[in-house]
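Here are a few notes to read alongside the model. Have a look at it first, then go through the points.

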Amino acid sequence: MTANTTATAASSISEQGDSMSIPNSMKAMTLRAFGGTEGFELAELSVPKPKAGQVLVKVAATSVNPVDFKIRALGEALPFSPELPSVLGMDFAGTVQALGEGVDGFEVGDEVYGCAGGLASVEGVLQGALAEFIPADAKLIALKPKNLSMAEAAALPLVGITAYEGLSRAGINADSAAGKKVLVHGGSGGVGHVALQLAKHMGAQVSSTGGGDKQLALIKQLGAKPINYKTETVDDYVQSHTNGAGFDAIYDSVGGAHLANSIQAAGLNAHISTTDSFAEVDLSLAHLKGLSLNVVFMLIPMIHNVGREQHGKILAELASIVDAGALKPVLTEQQFSLEQTAAAHDYAEAGTGMGKVVISVAG
């Protein structure tokens with residue numbers, strides 16, 4: 001891995017509105033080869049100019065999601081992997097430095113957060129957040145929650161949008177959740193720990209599965225009734241948490257065998273949302289119960305440039321919920337710098353820590 005010194009010469013990017021003094025070049029962690037983390041290389045790249053509809057953001061922090069290390073590891077096996085060399089990293093929080101043509105609703109100096117890069121789209125490769133600056137579609141960002149640090153805000157966009165969309169499709173929202181029994185599989189994970197907080201905020205009675213003392217303790221701390229899936233059968237927790245009737249809505253953030261468990265745990269005419277449907281599952285019981293199954297793949301707007309404004313709206317709503325004190329992302333104890341991106345990916349992929357892995361970019 002080689003590191004180059006970032007140029008200090010500054011130039012002004014002249015787009016719509018005012019802009020800050022912006023350097024010509026930036027540090028970025030580039031991926032040179034798919035596979036292991038040895039493919040990462042620190043490089044010096046030109047600072048991009050924001051195109052029409054984009055804002056240029058100085059990145060303070062980014063976070064690692066499973067899709068990030070899957071792109072790095074699997075490469076061309078995934079249809080949305082970018083051509084190499086490329087800059088990965090989807091989530092970010094930072095400060096607006098310049099506005100592209102036609103951007104409304106943001107000003108230079110605004111602190112924002114979003115999920116806007118690190119993959120291939122119908123427009124070409126969207127540069128990721130493992131860099132000092134990212135050009136982001138203004139539809140994919142929102143003002144950062146005031147009650148969160150940059151690192152905490154950078155942990156929230158992908159998992160927050162995924163959790164919010166899944167609950168909405170399962171019929172859990174502020175107008176309909178009161179009194180409903182909701183089960184979250186994987187409530188100490190990235191998506192799960194957000195989903196259970198949102199469901200609780202919306203008025204649902206939330207239960208959640210976990211697999212160890214630390215996971216169960218976090219689930220309880222976040223306001224859900226913990227279920228040890230290693231010691232309790234599905235029938236056991238359906239009986240103890242719903243008096244045998246089954247859950248009204250289930251958010252499966254784990255997938256695989258848990259999808260079959262979700263069908264078993266669901267009540268009549270219940271809704272199931274899953275973030276991982278890559279499994280062969282017998283749907284006979286789902287038919288007999290009249291269940292609805294929703295698959296959540298939040299990258300669709302980024303990849304296909306369809307409905308991106310919905311992500312911005314969800315992020316704005318999440319910021320309001322955070323600032324009301326009802327939602328807080330959990331970060332791993334160990335944090336990383338841009339130069340430690342390889343170690344951050346290894347740590348996230350190993351799954352040894354609870355919470356989101358965050359990489360600090362700004363010095």
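1. A nonpolar core here is a set of buried Ala, Val, Leu, Ile, Met, Phe, Trp, Tyr and Cys residues joined through side-chain atoms within 4.5 Å, where buried means under 20% relative accessible area with a 1.4 Å probe, protein chains only. The largest such core has 101 residues, and V55, F92, Y113, L198 and L299 make the most contacts inside it. Strand β5 (residues 54-64) gives the most to this core, seven residues; strands are DSSP runs of E, at least two residues, and helices runs of H or I, at least four, numbered from the N terminus. Another core, of 15 residues, lies apart from it, with I227, A270, I272 and L291 among them.

2. On provenance: this is a predicted model, so to speak of local features takes pLDDT of at least 70 and side-chain atom pairs count only at pLDDT 80 or more, while totals for chains, interfaces and linings use all residues. Residues are numbered from 1 along each chain as its sequence is written, and side-chain values use heavy atoms, with hydrogens and water left out.

3. Now a sheet. Three strands form an open sheet in the order β4-β3-β6, with antiparallel pairing; two strands pair if DSSP finds at least two bridges between them. β4 (40-46) and β6 (86-87) are the edge strands, each pairing on one side only. Strand β3 (residues 25-31) meets β4 in the antiparallel sense over seven bridges, and M26 stands opposite L45 in β4.

Technical notes:
Buried < 20%, exposed > 50% of the residue type's maximum accessible area, 1.4 Å probe, protein only.
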